[in-house]
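Keep the viewer open as you read.

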Amino acid sequence: MDVGTTRMTVTSPEQMRDLGRRLAKLLRPGDLVLLTGELGAGKTTLTRGLGEGLGVRGAVTSPTFVIARVHPSLSDGPPLVHVDAYRLGGGLEEMEDLDLDVSLPDSVIAVEWGEGKVEELSEDRLHVVIERTVGAEAEENDVRGVAVIGVGPRWADEDLASLAG
């Protein structure tokens, strides 16, 4: 059940990282964030900002070849588990091998390419959809449309509109 959606325009990779940093302020242990968008849309860039905002250790890079990376907190915040489900085709069954359900209560889990694969992990989640804006000027300037969709009771009282900066 969608409980709120915020839409915004992002015009640079730095703005995408900044959106991730702002989003991190809303996150707490047990939160699941699904990131959807085509290759090069900015999913990893946004996750890099999440890592900065959460204050985790290690450079947040695409986990494509290792599938999942855990970034421990440098303070008393939650670790960030960054998953790339692109190469996983089997839905939740394949994801279960990663033990995400074990990590979820204590961590923030960000899953790139997770749509249709990890929703069963939690009735509460944020779904971030990143789309390239069409048109020559938009493509030349790297413009993205971003929708942040709160799903489940956890997000009913959160002010997602504050993410629009």
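**Starting from Arg154**

Arg154 touches Leu26, Leu27, Arg28, Asp31 and Asp124, leaving aside residues up to four places away in sequence. Keep in mind that this is a predicted model. To find the arginine, go to the segment after β7 (144-151), which is where Arg154 has its place.

Is Arg154 buried or exposed? It counts as buried, because its relative accessibility is 11% and the cut-off for buried is under 20%.

Now look at what the side chain of Arg154 is doing. Another polar contact, of 3.0 Å, goes to the side chain of Glu158. As for pairs between aromatic rings, the structure holds zero of them.

**Over to strand β2**

Next, move to strand β2, residues 32-36. How many of its residues are buried? Five of the five are, so to speak, under cover. In a regular strand, side chains alternate between the two faces of the sheet. In β2 both faces are covered: Leu32, Leu34 and Thr36 are buried on one side, and Val33 and Leu35 are buried on the other.

β2 also has partners to trace. With strand β5 (residues 108-112) it pairs in the parallel sense, over four bridges, and here Leu35 stands opposite Glu112. With strand β6 (residues 125-132) the pairing is parallel too, again over four bridges. On that side, look for Leu34 opposite His127.

**Zooming out**

With those pieces in place, step back to the whole fold. The protein has five helices and seven strands, and along the sequence they run β-α-β-α-β-β-α-α-β-β-α-β.

What share of the contacts between residues at least 6 apart in sequence joins residues at least 24 apart? That share is 65%. The parallel pairing of β2 (residues 32-36) with β5 (residues 108-112) is one place to look at while you have that number in mind.

Finally, the surface. Of the 165 residues in the protein, 48% are buried. The accessible surface comes to about 8100 Å², and carbon and sulfur atoms account for 48% of that area.

Key:
Residues numbered from 1 in each chain as written. Predicted model: local features only at pLDDT ≥ 70, side-chain atom pairs only at ≥ 80, totals over all residues. Heavy atoms only, no water. Helix = DSSP H or I, 4+ residues; strand = E, 2+ residues; numbered from the N terminus. Buried < 20%, exposed > 50% of the residue type's maximum accessible area, 1.4 Å probe, protein only. Contact = heavy atoms within 4.5 Å. Areas by Shrake-Rupley, 256 points an atom, 1.4 Å probe, with all protein chains shown as cover. Phe/Tyr/Trp six-rings, centres within 6.5 Å; stacked < 30°, edge-to-face > 60°. Pairing = 2+ DSSP bridges. Polar contact = N/O pair within 3.5 Å; in protein donor to acceptor, adjacent residues only side chain to side chain.
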